[in-house]
Amino acid sequence: MKVTVVGAGAVGASCAEYIAIKDFASEVVLLDIKEGYAEGKAMDLMQTASLNHFDTKITGSTSDYSKTANSDIAVITSGIPRKPGMTREELIGINAGIVKDVSSNIIKHSPNVIIIVVSNPMDTMTYLVHKTTDLPKNRIIGMGGALDSARFKYRLAEALEAPISDVDGMVIGGHSDKGMVPLTRSATRNSVLASEFLSEDRLNQVMEDTKVGGATLTGLLGTSAWYAPGAAVSALVQAIACDQQKMFPCSALLEGEYNLNDIAIGVPVILGRNGIEKIVEIDLSDAEKTKLTESAEAVKKTNGTLEF
């Protein structure tokens, strides 16, 4: 199992670290355009191998895509990160060109690859890869919902004063501050609805805190977060590499599901060795359907600014 991570910045390096520590991949290749940067990150990470007890080989490369040849999975994190006050949508001009170039080079050397898109605006970048490559739709996945759901569970556990292992919940819709749809109605604590413990106002606060989770961290850190995004990516990679058949909300190309067409947006999917094994259609309330439709309209508006 060979995994390539394009972009050796904070998110890419965290992703590589978590994959290596889980020890399910034989090799992780870090690639970056900055001279020596990926090589240095790879060397630093390899020097933790004996301490963290993993045998995954991590190598680095400066823009040499031949080193990524025959990758099973490739993660695209490259692009400019958010700065305080920026929306994910404001990154589209620069990042679209980067993602298009990276995906083309990856596929050239690994025609059977499964691509996971992390670069923002994530749903639009995922859509771009669908439109500019010949990969089947099950092999192009946007990482947004997995991260947003992790942030949702964090806020739920905080509100419930419960251990995180007790809590379950899901976020669908666009990976944006306004587009996320945290499903508070079906959120649970150990199979009991969270609404049994929390008032509607408190659940609404959890929802709003979740939606601005990334912006909150950007304001505190001065740049995008990296630990949780890296962990979310590694969870998706492991589900695919180990054929776990696990369900995550991911940005998938919809062709009629949820009454949406020609759009990549966050919905529950089953992940396995073929990438997206199945798109899962769950029952939504009228309010949730409306929010998802509004989210999709916003994503389509952003998609309209793309130049293929």
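Let me start with Asp-64, which in this predicted model is partly exposed, with a relative accessible area of 29%. Its side chain meets that of Lys-67 in a salt bridge, with 3.9 Å from N to O, and since a salt bridge is counted here when the nitrogen lies within 4 Å of the carboxyl oxygen, the pair of Asp-64 and Lys-67 at 3.9 Å is one that I would ask you to read together with that cut-off. Lys-67 is likewise partly exposed, and its relative accessible area is 46%.

How many salt bridges does a search of the whole structure find? The search finds 10, and I will go through some of them.

Arg-273 forms a salt bridge with Asp-72, and the closest N and O atoms of that pair are 3.1 Å apart. This pair links distant parts of the chain, because Arg-273 sits in the loop between β13, residues 261–272, and β14, residues 275–279, while Asp-72 sits in the loop between β3, residues 57–62, and β4, residues 73–76, so that 201 residues separate them. As for accessibility, Arg-273 is partly exposed at 32% relative accessible area, and Asp-72 is partly exposed at 23%.

Next come Arg-189 and Asp-166, whose side chains meet in a salt bridge of 3.0 Å, N to O. Here too the pair links distant parts of the chain, with Arg-189 in strand β10, residues 188–189, and Asp-166 in the loop between α6 and β7, the two being 23 residues apart. Arg-189 is partly exposed, with a relative accessible area of 23%, and Asp-166 is partly exposed as well, with 21%. There is also a network of salt bridges, which links Lys-137, Glu-255 and Glu-257.

Strand β10 brings me to the sheet. The strands β7, β10 and β11 form an open sheet of three strands, in the order β7-β10-β11 and with antiparallel pairing. Because β7 and β11, the latter covering residues 192–193, stand at the edges with a single partner strand each, one side of each is left without a neighbour in the sheet. Between β7 and β10, which run antiparallel, there are two bridges, and Asp-168 stands opposite Thr-188 in β10.

Now to the helices. Where the axes of α6, residues 145–160, and α7, residues 200–211, approach one another, they come within 9 Å and cross at roughly 145°, and the crossing is right-handed. On the α6 side the contact is made by Asp-148, Arg-151, Phe-152, Arg-155, Leu-156 and Ala-159, and on the α7 side by Arg-202, Leu-203, Val-206, Asp-209 and Thr-210. Sorted by class, this contact has five nonpolar, one polar and five charged residues.

Finally, I would like to return to strand β3, where Thr-59 is found. Is Thr-59 buried, partly exposed or exposed? Thr-59 is partly exposed, with a relative accessible area of 23%. If residues up to four places away in sequence are not counted, Thr-59 touches Glu-27, Val-28, Val-29, Leu-30 and Ala-42. Thr-59 and Ile-140, for their part, are 81 residues apart in sequence and 24 Å apart in space, from C-alpha to C-alpha.

Conventions: Residues numbered from 1 in each chain as written. Predicted model: local features only at pLDDT ≥ 70, side-chain atom pairs only at ≥ 80, totals over all residues. Heavy atoms only, no water. Axes fitted to C-alpha atoms, helices over the stretch in contact; angles between N-to-C directions. Helix = DSSP H or I, 4+ residues; strand = E, 2+ residues; numbered from the N terminus. Left-handed = near helix turned anticlockwise from the far one by under 90°. Contact = heavy atoms within 4.5 Å. Nonpolar A, V, L, I, M, F, W, Y, C, P; charged D, E, K, R; others polar. Buried < 20%, exposed > 50% of the residue type's maximum accessible area, 1.4 Å probe, protein only. Pairing = 2+ DSSP bridges.
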